[in-house]
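Please take a moment with the sequence and the model before reading on.

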Amino acid sequence: MTRAVVATGYGGAEVLEVVDLEVGEPGEGQVLVDVRAAAFNPADWKIYGGLWGADPAALPRRVGLEGAGVVAAVGPGVTRFAVGDEVVAHPAGGSFAEQVLVRERVLEHKPAGLAFEAAAGLLLAGGTAWHCLHAVGLDPADGGPGAPSRGAVPARADAGSPSADAPLPVLLVHGGAGAVGSLVVQLAVARGVRTLATCSAANDDYVRSLGAEPVRYGPGLAERVRAHGEVSAAVDTVGTEEAIDVSVELVADRERIATVAALEYGARFGIRLLGHGPGMDPGDEVRRAARVPLLELAAAGRVSVRVAQTFPLEEVRAAHELIVSGHAPGKVILVP
Ligand SMILES: NC(=O)c1ccc[n+]([C@@H]2O[C@H](COP(=O)([O-])OP(=O)(O)OC[C@H]3O[C@@H](n4cnc5c(N)ncnc54)[C@H](OP(=O)(O)O)[C@@H]3O)[C@@H](O)[C@H]2O)c1
């Protein structure tokens with residue numbers, strides 16, 4: 001048996017319950033993981049909030065998409081992991097639990113120096129961030145002073161890195177203090193890209209510590225960005241009309257504007273829509289190939305995951321409230 005968070009309906013915090021569930025033995029190619037930390041993502045509440053469908057037949061449904069922990073048992077055919085290995089799991093449906101049963105292919109080895117909490121929150125946001133930069137022609141693996149080794153990350157066919165004599169790119173990141181945005185910032189800065197990041201006053205110092213120039217969002221944003229100079233690419237991780245409008249106003253090439261959050265509004269402007277849905281680029285190959293480089297960068301201290309707060313499973317409703325606020329100062333983490 002395992003303690004696990006389930007959604008008993010579609011709605012807000014009130015639908016979340018902690019229950020005992022049968023977890024079972026790992027079957028062919030499966031691994032049983034003792035979860036040490038699981039990361040809350042906006043996608044979690046969007047799923048049980050019914051934003052992407054509200055099929056009653058899927059209830060009660062387990063919650064959580066990623067986590068980190070220790071291998072408790074392996075099924076037949078598992079070759080890369082053994083009992084006791086520290087691992088990161090994504091995508092790992094049902095990770096808000098003491099134990100989760102996953103396919104071997106969703107696991108990576110957790111670097112020893114990386115805390116479980118940070119590791120739990122790295123791959124979903126980090127893979128998305130990598131995809132954003134790839135989409136606007138600033139792939140983290142393409143070069144620059146602090147770029148990671150190229151590894152197996154595929155190149156975007158239609159947007160290479162700027163040539164040596166091209167002007168240095170300037171990137172605008174909307175939501176630069178968020179989970180995805182802060183990783184976009186860090187990967188861009190590591191690649192040598194001058195980066196402007198929108199945030200609230202509370203996050204100015206944090207954004208500066210990542211190497212970006214903070215810019216206050218809200219009315220007058222375009223003018224404040226202009227005061228920093230010309231912008232050659234933009235990544236929106238917030239989803240406001242303001243973020244899209246300002247990006248379209250300031251970036252000449254719409255192929256160099258990407259959003260992961262304003263998918264309907266962004267579709268009007270011919271910008272890059274990243275994620276799952278009609279007309280969007282899911283970027284599965286890029287995100288998957290980014291996993292090991294991201295873990296290496298995190299282990300080396302070259303990218304970090306800020307943790308806002310940890311909660312025991314029993315306090316999942318409080319964790320929900322923090323993440324839906326849209327202003328959590330870092331990842332919201334559940335610790336079974
Ligand atoms: N399409 C995909 O593949 C994909 C993948 C992952 C995530 N997402 C989506 O991306 C979004 C961000 O996810 P996340 O995990 O990064 O969320 P998060 O960690 O909760 O980030 C929220 C950030 O947004 C900032 N913010 C709030 N209102 C803002 C505004 N009006 N203008 C600028 N910034 C504002 C906040 O900064 P302040 O506190 O400084 O205001 C906060 O740092 C979510 O909608 C999520 O569902 C999409």
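Two strands are said to pair if DSSP finds at least two bridges between them, and the strands (E, at least two residues) and helices (H or I, at least four residues) are themselves DSSP runs, numbered from the N terminus. This is a predicted model, in which local features need pLDDT of at least 70 and side-chain atom pairs count only at pLDDT 80 or more, while totals for chains, interfaces and linings use all residues. Residues are numbered from 1 along each chain as its sequence is written.

With these terms in hand, one can follow an open sheet of 3 strands, whose order is S2-S1-S4 and whose pairing is antiparallel. Its edge strands are S2 (16–21) and S4 (61–62), each of which pairs on one side only. Strand S1 (residues 2–7) is joined to S2 in the antiparallel sense over 6 bridges, and Thr 2 has Leu 21 as its bridge partner in S2. In general, strands of a sheet pair through backbone hydrogen bonds, either parallel or antiparallel.

The chain is assigned domain 1 (2–122 + 305–334) and domain 2 (124–293), with bounds that come from an automatic or database domain assignment. Taken over C-alpha atoms, the centres of domain 1 and domain 2 are separated by 27 Å. Where they meet, 10 residues of domain 1 are in contact with 8 residues of domain 2, contact meaning that the C-beta atoms of two residues, placed from the backbone, lie within 7 Å.

Around the ligand there is a shell of 29 residues, the closest being Pro 42, Gly 178, Ala 179, Ser 200 and Gly 275; a residue is near a molecule if its C-beta atom, placed from the backbone, lies within 6 Å of it. Helix H1 (42–48), helix H3 (123–135), helix H4 (179–190) and strand S10 (194–199) are the elements that give two or more residues to this shell, and the largest share, 3 residues, comes from H4. Domain 1 and domain 2 each supply at least three residues to the shell.

Finally, Gly 29 sits in the loop between S2 and strand S3 (30–40). Gly 29 is partly exposed because 15 other C-beta atoms lie within 10 Å, a count between the limits of 20 or more for buried and 12 or fewer for exposed, with C-beta atoms placed from the backbone. Although Gly 29 and Gly 75 are 46 residues apart in sequence, they are 5.7 Å apart in space, C-alpha to C-alpha. Beyond its neighbours within four places in sequence, Gly 29 is in contact with Gly 75, Gly 77, Val 78, Arg 103 and Glu 104.
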